[in-house]
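This report describes one protein model together with its ligand. Please look over the sequence and the structure before reading on.

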Amino acid sequence: MPIAPPSLRPRLPDTPGGDRPETATQRLSWVVQMHYRMRTAAFGMLFLAVCLHARVEAVSASIWLFLGVLLIVYPHLQFRRARSSSAPLDTEMHNLSADSLLLGMAAAALGFPLWITFSSLLGTLSNNTANKGWPGVAETLLAFSTGALIGGLVWGFRLVPGNDLPTTLLCIVCLTAYLVAMGHIAFTRIQRLRDTREALQQRERDLLAANDALQRNLQAIDALQAQLREQAIRDPLTGLYNRRYLDATLQRELARSQRDDQPLALILMDLDHFKRVNDTYGHQAGDAVLLQLARLLTEMARAGDVASRHGGEEFLLLMPTMSLATARERAEALRHAFGSRGIPFGGLTLHATLSIGIAACPDHGNTAEDLFRHADRSLYQAKHGGRNRVEG
Ligand SMILES: Nc1nc2c(ncn2[C@@H]2O[C@H](COP(=O)(O)OP(=O)(O)OP(=O)(O)O)[C@@H](O)[C@H]2O)c(=O)[nH]1
């Protein structure tokens with residue numbers, strides 16, 4: 001007779017999980033299989049006890065037939081029934097009730113011999129209780145009594161409680177063995193549950209650690225994306241905005257200036273004779289000059305101005321809300337500041353000048369093309385007018 005509640009069904013975290021289809025054996029609850037083994041052994045021992053008892057108490061042929069079927073054949077039939085059921089565990093719970101009923105019949109058939117009856121009742125009672133809790137106690141007592149009543153009706157009510165010593169001893173040994181086996185099974189299941197819980201806790205810790213790592217990776221990806229976005233709009237040498245960003249911003253600022261009826265100016269700058277700097281002092285000297293101009297632009301730009309490197313040695317300062325007259329003053333200030341600034345390079349102090357073309361909205365047009373065209377033309381004039389000057 002088996003034990004262990006259905007809630008102890010084993011499912012270790014390291015057993016094949018949900019992504020693999022369950023085999024037929026896995027589908028058949030371990031409770032059913034364990035009950036089968038325990039029922040077969042316990043009923044077999046009970047049969048031995050009945051055989052011993054039959055030496056002193058005559059047993060009729062019909063009772064022998066009933067006991068033979070019950071104690072030898074019945075455990076296999078019950079297993080087959082549970083195995084072929086679509087819900088083996090539920091069927092097995094019904095089997096436990098059937099055990100109580102049939103053992104009650106057997107007890108009545110034998111005239112309620114004390115030790116055989118006690119062993120049968122205690123076995124089925126403990127088993128039902130282990131599987132169903134308190135309701136299992138009530139169910140067992142009811143089923144056993146009903147079985148005893150049916151047995152009495154079939155074979156007549158007799159009360160012959162005496163057992164001889166060999167039968168009593170065998171019952172005690174068998175009952176002890178059965179209860180010890182139940183205890184051992186409970187122990188191994190509890191042990192396994194503990195292992196499972198530890199494995200689950202470890203897995204939870206692993207998942208939390210993996211989640212942390214994932215969060216860190218996501219943050220790193222976010223930072224990288226922000227860096228890439230920034231790089232996409234920046235000139236790598238000077239760190240100023242690049243032409244692509246300037247173009248997009250100019251469109252936006254033009255729209256805003258027209259909406260708010262505000263002026264807008266842009267200053268296009270080109271280093272004078274820059275090739276000579278490169279040719280005379282080397283490319284790195286040229287880079288130092290470019291960096292110096294970028295620094296100056298950053299220093300002199302107002303909040304809201306957009307300083308950009310337009311390409312090569314050409315720079316552009318976009319100044320929203322600035323009139324043409326003020327832009328001219330700012331451009332002069334820039335030209336003067338740059339021309340008078342010494343540029344340290346490898347122990348030398350380099351000097352460079354700027355030619356500047358100005359364009360303003362609405363003075364020179366309302367579109368980016370108008371403004372660029374005018375600024376280009378002004379810059380060309382500044383170059384051809386002798387360089388180091390402002391035009392526009
Ligand atoms: N060092 C350095 N030189 C650059 C860079 N980009 C463009 N140049 C150089 O800038 C120089 C531009 O020369 P030009 O177009 O002839 O103009 P310029 O010598 O300044 O003459 P003007 O503009 O007529 O006064 C070329 O020598 C380019 O190699 C850069 O990133 N670094």
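The model is a predicted one. One of its features is an open sheet of 5 strands, in the order E2-E3-E1-E6-E7, with mixed pairing. Strand E7 (390-391) and E2 are at the edges, where each has a single partner strand, so one side of each is left without a neighbour in the sheet. In general, strands of a sheet pair through backbone hydrogen bonds, in either a parallel or an antiparallel way.

| Strands | Sense | Bridges |
|---|---|---|
| E1 (residues 264-271) and E3 | antiparallel | 7 bridges |
| E2 (residues 306-311) and E3 | antiparallel | 5 bridges |
| E6 (residues 354-361) and E7 | parallel | 2 bridges |

Single residues can be picked out within these pairings. Asp270 is opposite Glu314 in E3. Arg309 has Phe315 in E3 as its bridge partner. Gly357 is opposite Glu391 in E7.

E2 and E3 form a hairpin with 2 residues between the strands, and Gly312 there has a positive phi near 50 degrees.

Why can strand E3 be called largely enclosed by the rest of the structure? The cut-off for a buried residue is under 20% relative accessible area. In E3 (residues 314-320), 6 of the 7 residues are buried, so the strand is largely enclosed.

Helix H4 covers residues 88-110, and a simple check can be made on its length. At 1.5 Å a residue, its 23 residues should span 33 Å, and the C-alpha atoms at its ends are 32 Å apart, which agrees. Of these 23 residues, 18 are buried, so H4 too is largely enclosed by the rest of the structure. Just after H4 comes Gly111, with a positive phi of about 85 degrees.

Helix H2 (residues 30-53) contains Ala49. Is Ala49 buried or exposed? Its relative accessibility is 1%, so Ala49 counts as buried. Ala49 and Ile116 are 67 residues apart in sequence, and their C-alpha atoms are 7.1 Å apart in space.

## Around the ligand

How many residues surround the ligand? There are 16, and the closest are His273, Phe274, Lys275, Asp287 and Arg309. Arg309 is also the residue whose bridge partner in E3 is Phe315.

By type, the residues of this shell divide into 8 charged, 5 polar and 3 nonpolar.

Some contacts between the protein and the ligand can be described atom by atom. His283 has a backbone N or O atom 3.0 Å from a nitrogen atom of the ligand. Lys383 places a polar side-chain atom 3.0 Å from an oxygen atom of the ligand. In the side chain of Arg387, an N or O atom is 3.0 Å from an oxygen atom of the ligand. Taken alone, the ligand exposes 670 Å², of which the protein buries 66%.

Which elements give two or more residues to the shell around the ligand? They are E1, helix H9 (274-281) and helix H10 (283-300). H10 supplies the largest share, with 4 residues.

Definitions and conventions
Residues numbered from 1 in each chain as written. Predicted model: local features only at pLDDT ≥ 70, side-chain atom pairs only at ≥ 80, totals over all residues. Heavy atoms only, no water. Buried < 20%, exposed > 50% of the residue type's maximum accessible area, 1.4 Å probe, protein only. Pairing = 2+ DSSP bridges. Expected span 1.5 Å × (residues − 1). Near = heavy atom within 4 Å. Polar contact = N/O pair within 3.5 Å; in protein donor to acceptor, adjacent residues only side chain to side chain. Areas by Shrake-Rupley, 256 points an atom, 1.4 Å probe, with all protein chains shown as cover. Nonpolar A, V, L, I, M, F, W, Y, C, P; charged D, E, K, R; others polar.
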